[in-house]
Structure formats: C-alpha cells, structure tokens
Amino acid sequence: MLLLDVLTRYPAVTLLLLIAAMAIRDGAGNMVSTIGALTAISIAAMLLGTPHPELVLPQFPRVIVRFLDVPSVVLVWWFGRSLFEDDFSLGILEWGVMLAFVFPIAYFRLFEFGLVSTLPSELLYLVTGMSVVLMLHLTYTTLRGRNDDVIESRRRLRFFFVVGLVIATTVSVISERLFYDSPIELNILRSVAVLPMVIFGSFWLLNYQIEALTFKRIKVVESEPAIDKRDHLLHETLLAHMEQKRAYRQHGLTIAILAEQLDTQEHRLRAMINKGMGFRNFSEFLNHYRIKAVKTAMQDPEHTRTPILTLALEEGFSSLAPFNRAFKNLTGDTPTQYRRQWIKNSYNNTD
C-alpha cells in the first residue's frame with residue numbers, strides 16, 4: 001500500500017504544481033488561469049496532507065497544507081464554471097458560498113490539530129451535503145450549456161469533465177466522511193482517483209513548443225474568423241435566414257432546430273458559427289441579432305413609448321433578465337440608459 005501511495009500521490013502533486021506554475025507564468029491577469037492555479041495548489045495540498053502514515057509531513061508544513069486545501073471544493077466549482085460559462089464572474093453568490101464552506105472546514109482543521117476539543121457531527125453532514133450540492137450544480141451547468149456551445153473542443157471536454165467530477169466527488173465524499181476513522185485505504189484511493197485526471201489535465205494544458213528546442217521563432221499570423229470556401233453557400237443561407245426571415249425571433253430556437261431549418265449538419269453549423277463567424281456559443285450568436293434588432297426598434301420614433309420588455313420579447317428574448325444582461329454585455333449600457341441617451345442625442349441634433 002505504501003508503494004501504491006508513493007506512485008500515485010507524488011506524481012499527481014508534481015503535475016498539479018507544474019500546472020499551477022505555468023498558469024501563473026503564462027496566464028497572469030486571466031481569471032480562469034488564476035482560479036485554475038489556485039485549484040491545482042489546493043488539490044495538491046490536499047494530497048500532501050493526507051498521505052500514508054509513514055509519509056506524514058512534519059507538523060508545521062502539515063498545518064500549512066491542511067489549511068491550503070480548505071477551499072478546494074469551492075475552487076473546483078469556480079474553476080469548472082469559469083471554463084464553461086463565458087459570462088462567469090466572481091459575485092456575491094460565489095464569495096458567499098466560499099465563506100459558508102471555508103469556516104466549517106477550517107473548524108475541522110482546528111479539531112484535527114487539537115486546537116478545539118469538540119467536533120459536532122452535524123457539521124460533518126453539513127459540509128458533505130454542501131460538497132455534493134456544489135458538484136451536482138457544476139455537473140448540471142456543465143451539461144446544460146453543452147448544446148449551446150459552438151466551440152467543439154470545449155463541447156467535448158464537458159463530458160469528460162463531468163465524468164471526472166463524478167468520480168472525484170464520490171471518492172472525496174466517502175474519504176472525507178470516514179476521514180476521522182483514518183482508514184489508510186481511503187486516503188490512497190483518493191490519490192489513485194486524482195492521478196488519471198491530473199494526467200489528462202496535463203496533456204490538455206501543457207503544450208510542447210518546438211521553438212524552445214530549435215531556438216527559432218515560429219511566425220504567428222493572427223487573422224479574423226474566416227468562412228471556409230466550402231461553407232460560403234451555407235453562410236449566405238444562414239445570413240438570409242437570420243437577417244431577412246428573422247429566425248432569431250423564434251422562442252426556444254436551438255442550434256439543432258436551426259440546422260434542421262437550413263438542411264445542414266449540426267456539427268458543420270457549429271464549426272461555422274464558431275470558427276467562421278467568431279462566436280463562442282449559440283446564445284451569443286442569437287443575441288447579436290436580437291440586440292441589434294432591439295436597438296433599431298428603440299431608434300424608431302414609432303416605438304418611443306413602447307415598453308422595452310415588449311421590444312425584447314418581440315425579438316426573441318424569453319424574459320427581461322437575460323435581455324438586460326445580454327444588452328449590457330454587448331453595448332456597455334443598460335437598455336434604459338441606451339434609450340435615454342439615444343433620445344437625448346436625437347433631441348440635441350434637432351436643435
């Protein structure tokens with residue numbers, strides 16, 4: 001058992017710390033990279049803090065790693081959402097969940113090191129339940145956005161991410177639930193479960209660059225999204241369908257329905273919307289047309305007193321909240337601010 005622990009735990013820790021170091025070096029200032037680095041460090045700390053009894057760290061470093069792993073579950077929740085939600089941000093909800101999770105886990109660590117004398121059993125059930133809820137939510141949001149995603153590599157990754165999430169959550173919950181009975185096998189099982197996912201993540205994130213060995217600079221040509229020559233007809237048909245027939249007005253329109261209407265393959269349509277037109281998901285593609293139509297309607301004198309919600313519903317939005325969010329993301333203003341500014345500018349131009 002000791003050999004198995006060494007062969008799984010420490011390679012996983014090494015790869016996690018390497019991923020974290022490269023994320024910090026190459027992704028400075030990027031939220032996804034920052035969260036990813038923190039997640040990798042926290043999981044590495046969890047592995048270092050729960051080894052075979054013969055490999056237990058000295059007291060001081062053990063205290064450090066045991067407290068570094070406190071936010072690991074919430075960080076995984078943050079990281080998964082930042083990967084698959086284009087509009088993800090750290091708001092009040094995300095920080096509130098972090099605080100609600102960190103305090104009871106930190107109490108566990110205080111008990112582990114003898115700094116508090118009692119550990120309410122209810123606290124353990126609470127943390128276990130919260131962990132399961134967070135992972136179920138992450139699983140749901142990851143799979144829910146799969147059909148809307150037009151980035152094919154990210155769309156495929158969603159499935160493997162969820163599989164790994166289910167395995168890791170199951171092992172983690174079982175291990176944490178029985179941790180204080182100190183079964184060596186469960187702690188080893190944790191590292192055995194983590195290692196394959198870390199190896200997969202390493203192949204995904206760590207790219208080999210030939211110029212590092214040849215000392216030659218590879219010319220990088222940055223270009224705007226371009227339509228494949230084979231898809232010109234499909235592109236023209238799509239534009240006509242969206243701009244002339246105003247297909248974006250259809251409530252509940254999905255990429256599968258649109259592909260059927262255009263009599264084309266869904267994967268071909270996804271590739272063109274993403275690689276050819278530069279959109280990251282189908283909602284962003286639809287909102288491009290819907291917001292443009294709403295802005296045009298707002299500028300029409302006949303709609304000066306038409307409620308904004310009415311205009312939004314007519315152009316395909318299902319409710320006010322997603323419309324407001326999409327409008328501000330694309331224009332930088334709320335719909336009300338945009339309309340007021342337009343009316344003000346129009347009035348000044350007539351003077």
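**Entry 1**

I began with Phe160, which is partly exposed at a relative accessible area of 49%. For these classes I took buried as under 20% relative accessible area, exposed as over 50%, and partly exposed as in between, with a 1.4 Å probe and protein chains only. The model is predicted, so I kept local features to pLDDT of at least 70 and side-chain atom pairs to pLDDT 80 or more, while totals for chains, interfaces and linings use all residues. Residues are numbered from 1 along each chain as its sequence is written, and side-chain values use heavy atoms, with hydrogens and water left out.

Phe160 sits in helix H7. My helices are DSSP runs (H or I, at least four residues; strands would be E, at least two), numbered from the N terminus.

Which residues make up the nonpolar surface patch? I found Phe159, Phe160, Val163, Ile167, Phe200, Trp204 and Leu205, together about 660 Å². H7 and helix H8 (184-205) each bring at least two residues to this patch, and H7 has the largest share with 4. Patch members need over 30% relative accessible area and no salt bridge; nonpolar side chains (Val, Leu, Ile, Met, Phe, Trp, Tyr) are joined within 5 Å, and like charges within 9 Å. The areas come from the Shrake-Rupley method with a 1.4 Å probe, and for residues only the protein chains shown count as cover.

**Entry 2: the second largest pocket**

Next I looked up the second largest pocket, which holds about 1,200 Å³ of space. A pocket here is an open set of points on a 1 Å grid over the protein atoms alone, with protein on both sides within 12 Å along at least five of seven lines; a cavity is instead a set where a 1.4 Å probe fits but cannot get out, and lining residues have an atom within 4 Å of a point. Grid points are joined across faces, edges and corners, and the volume is the space filled by probe spheres set on them.

I noted 35 lining residues, with Asp148, Asn281, Ser283, Glu284 and Asn287 nearest the centre of the pocket. Which helix gives the most to the lining? H13 does, with 6 residues. Helices H6 (121-144), H7 (152-177), H11 (255-261), H13 (282-298) and H15 (320-331) each supply at least two.

By class, I have 13 charged, 12 polar and 10 nonpolar residues in this lining. Charged covers Asp, Glu, Lys and Arg; nonpolar covers Ala, Val, Leu, Ile, Met, Phe, Trp, Tyr, Cys and Pro; the others, Gly among them, are polar.

**Entry 3: salt bridges**

How many salt bridges does a search of the whole structure find? My tally is 16, each a side-chain nitrogen of Lys or Arg within 4 Å of a carboxyl oxygen of Asp or Glu.

I picked out Glu94 and Arg81, whose side chains meet at 2.7 Å, N to O. Glu94 is in helix H5 (residues 92-112) and Arg81 in helix H4, so this pair ties together parts 13 residues apart in sequence. Glu94 is buried at 6% relative accessible area, and Arg81 is buried at 10%.

Arg280 and Asp86 also meet in a salt bridge, at 2.9 Å, N to O. This pair links distant parts of the chain, 194 residues apart: Arg280 is in the loop between helix H12 (266-276) and H13, and Asp86 in the loop between H4 and H5. Buried or exposed? I have Arg280 as partly exposed at 40% and Asp86 as partly exposed at 35%.

Asp26 pairs with Arg25, their closest N and O atoms being 2.8 Å apart, and both residues are exposed.

I also noted a network of salt bridges linking Arg62, Arg66, Asp69, Arg109 and Glu112. Asp69 lies in the loop between helix H3 (59-68) and helix H4 (72-84) and is buried at 3% relative accessibility. Asp69 and Ala45 are 24 residues apart in sequence, with C-alpha atoms 5.3 Å apart.

**Entry 4: positive phi**

Most residues other than glycine have a negative phi, so I checked for exceptions. Arg246 has a phi near 55°; this residue is in the loop between helix H10 (232-243) and H11 and is partly exposed at 40%. Asp263 also has a positive phi, about 55°. I located Asp263 in the loop between H11 and H12, exposed with a relative accessible area of 71%.
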